[in-house]
Amino acid sequence: MSARAGVGVVGLAVMGSNLARNLARNGHTVALWNRTQEKTTALVEAHGHEGDFVPSEELADFVASLTTPRCVIVMVQAGPGTDAVVDAVAELLEPGDMVVDGGNALFGDTIRRTEALEAKGLHFVGAGVSGGEEGALNGPSIMVGGSDEAYETLGPIVESIAAVVDGTPCAAHLGTDGAGHFVKMVHNGIEYADMQLIGEAYDLLRNVAGLSPSAISEIFVGWNSGELDSFLIEITADVLAQVDASTGQPFVDVVLDQAGMKGTGTWTVQTALTLGTPVSGIAEAVFARALSSHRETRDAVQAAYGTTSGSTVPVPDDVDAFVEQVRRALYASKIVSYAQGFDMLAAGALLHGWSLDMGQIATIWRGGCIIRARFLDRITEAYAADPALVSLLSAPVFVEALQGADAAWRQVVSTAALSGVPTPGFAAALAAFDGSRRDRLPAALVQGQRDLFGAHTYRRVDREGTFHVMWGEDR
Ligand code: ATR
């Protein structure tokens with residue numbers, strides 16, 4: 001077989017085949033291989049006319065069909081599947097060739113695989129590909145971690161298939177080894193938080209303001225033309241407008257209220273715990289999904305206390321004013337949740353030695369990915385104005401936004417508490433904001449407790465040094 005493909009894709013399930021089609025549509029000659037041959041055949045039969053594909057039955061033939069230095073994009077199941085494929089491909093490659101893992105790998109695995117492949121003289125790139133199957137086909141956001149040398153070859157390929165916003169491709173080289181998958185993981189965590197906050201806004205509008213799903217859909221359409229403009233707000237309006245064909249009920253009312261998850265939100269929170277970064281918005285979103293799925297616990301608590309539905313307070317007199325308060329509370333909570341996500345990026349970068357460019361990350365999240373939003377421009381601008389920005393919360397544009405939302409945000413969180421409508425995302429965001437603003441925190445008392453029961457020592461406000469009270473003697 002003559003080597004004529006500039007790039008190859010291994011793993012032709014939904015994401016892999018869509019990425020392969022995207023590459024072919026953008027003029028690349030794409031080598032194809034899948035463990036189960038039928039998927040390769042099906043792809044070529046259905047979409048062979050879209051571009052130049054070179055399918056192979058044997059992995060060795062696939063490798064032989066690639067021009068050197070070879071670039072193999074692996075799109076298989078994260079975990080053992082990826083290890084199996086990366087090892088098998090690496091056996092057949094030569095020094096200078098490159099393996100790109102475009103799956104949802106845990107960034108620690110990417111760091112490990114990079115070490116293993118670099119020891120063989122191969123390049124390994126961990127690329128976070130966001131946007132689901134639609135993004136993979138029409139233009140995802142691609143977060144690349146790997147060496148500069150690898151990106152010289154890979155950059156033009158990924159930039160040619162990524163989403164484009166204002167002429168800028170939503171693909172970039174963010175750092176070495178696990179940087180791309182780390183940033184993708186935090187992206188997914190932020191996505192969880194965004195979805196939770198939107199869910200809470202819906203719950204308040206439905207159950208405190210007493211609005212119907214179709215009325216709320218229209219409100220979301222309106223919100224989508226302002227500062228909340230985003231893909232998630234847009235699709236929420238569509239979901240709420242949907243009517244169930246078999247019952248004529250609002251679609252949202254016939255869906256079982258138990259949210260699923262595939263694990264990237266959990267990874268984000270686990271990693272944040274290790275880093276010591278409080279991503280409380282993301283954590284609350286993950287826990288809210290978990291709570292929703294604990295049917296037995298919900299049944300037991302409902303049996304003990306009675307079921308609550310709707311609100312325990314009257315519908316506000318001025319519903320329009322309440323809707324506006326909820327919009328402001330949502331925007332404020334979203335700002336806090338993004339600030340927490342970017343804090344986590346900074347902490348990860350520090351620990352792993354990546355020089356992540358925060359403004360660039362916000363830029364490549366503007367298109368292709370699930371959290372794409374106009375709002376991300378504000379983040380890019382904030383970091384452009386002050387590259388050493390410690391927290392997004394202190395950026396002037398967000399200071400103004402949070403000050404403007406402050407009263408509405410507190411009103412909404414207190415109304416929610418009085419109504420029995422759970423808003424863990426809104427409340428956690430407000431608590432995080434207030435926690436950072438407080439001049440004195442009860443952490444001082446916690447330090448006192450720790451010193452008493454565990455002789456953990458404490459520091460003083462008026463003197464340098466470490467102190468300990470001889471509690472038994474002094475009490
Ligand atoms: P999706 O793109 O739909 O999210 P996925 O579940 O992440 O897909 O990954 C499925 C792909 O991983 C398939 O191409 C699968 O190969 P088969 O079609 O032969 O099942 C591939 N895959 C998973 N484990 C693999 C392994 N150990 N070796 C080779 N390919 C593997």
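1. Ground rules. Residues count from 1 along each chain as its sequence is written, and side-chain values use heavy atoms, with hydrogens and water left out. Since the model is predicted, local features need pLDDT of at least 70 and side-chain atom pairs pLDDT 80 or more, while totals for chains, interfaces and linings use all residues.

2. Overall size. Along the principal axes, the C-alpha atoms fill a box of roughly 80 × 70 × 45 Å.

3. Make-up. The chain has 21 helices and 10 strands (DSSP runs: H or I of at least four residues, E of at least two, numbered from the N terminus). Buried residues (under 20% relative accessible area, 1.4 Å probe, protein chains only) make up 49% of the 475.

4. The H8/H15 pair. The axes of H8 (residues 179–207) and H15 (residues 319–352) come within 10 Å and cross at roughly 165 degrees (lines fitted to C-alpha atoms over the stretch in contact; angles run from 0 to 180 degrees between N-to-C directions). That makes H8 roughly antiparallel to H15 (over 145 degrees).

5. Who touches whom. With contact meaning heavy atoms within 4.5 Å, the H8 side includes Phe 182, Ile 190 and Asp 194, and the H15 side includes Phe 322, Lys 334 and Tyr 338. The residues of this contact divide into 18 nonpolar, four polar and two charged (Ala, Val, Leu, Ile, Met, Phe, Trp, Tyr, Cys and Pro are nonpolar; Asp, Glu, Lys and Arg charged; the others, Gly among them, polar).

Definitions and conventions: Angles under 35 degrees count as roughly parallel, over 145 as roughly antiparallel, 65 to 115 as roughly perpendicular and the rest as oblique. Buried means under 20% relative accessible area, exposed over 50%, partly exposed in between (1.4 Å probe, protein chains only).
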